[in-house]
Amino acid sequence: MAVDFEALTVGAVQDVFGQPYTYTPPGRDAVALPEAAGVFDRHGTTQRLDAEGAPVSLRQVRLAVSLADFPVDAPPVTGGTVLVGGTLYVVADVTPDSEGM
């Protein structure tokens, strides 16, 4: 009997930590994702110096989603927007991972 590891792991994580979100591809209307929940994470700040030597702090924000939630003609792409908890974010990078998210 085959084991559905996505349902046991990824699905469980999304059930516990997932937040509803709205995705809008560049130049299109928002995509209906009624059952989708993404795991939202704000990584700690990174500090560095800019070109003039002034300190700069950066915060990396990540929304882990299941690609299976997206229509084939509207996958997440750079330049799209994501609305999570009333805040609009621009998709800067789409990086598939090995967990199916």
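## Contacts, core and ring pairs

Of the contacts (heavy atoms within 4.5 Å) between residues at least 6 apart in sequence, 47% join residues at least 24 apart. The model is predicted, so local features need pLDDT of at least 70 and side-chain atom pairs count only at pLDDT 80 or more, while totals for chains, interfaces and linings use all residues. Residues are numbered from 1 along each chain as its sequence is written, and side-chain values use heavy atoms, with hydrogens and water left out.

The protein has two helices and five strands, where helices (H or I, at least four residues) and strands (E, at least two) are DSSP runs numbered from the N terminus. Buried residues (under 20% relative accessible area, 1.4 Å probe, protein chains only; exposed is over 50%, partly exposed in between) make up 25% of the 101 residues.

Rings of Phe, Tyr and Trp (its six-membered ring) pair if their centres lie within 6.5 Å; planes under 30 degrees apart count as stacked, over 60 as edge-to-face and the rest as tilted. Two of the pairs are tabulated.

| Pair | Centre to centre | Angle between planes | Type |
|---|---|---|---|
| Tyr 23 and Phe 70 | 5.5 Å | 80 degrees | edge-to-face |
| Phe 40 and Tyr 89 | 5.5 Å | 50 degrees | tilted |

Phe 40 in strand S2 (residues 39–49) and Tyr 89 in strand S5 (residues 87–90) are 49 residues apart. Phe 40 is buried at 14% relative accessibility, whereas Tyr 89 is partly exposed at 23%.
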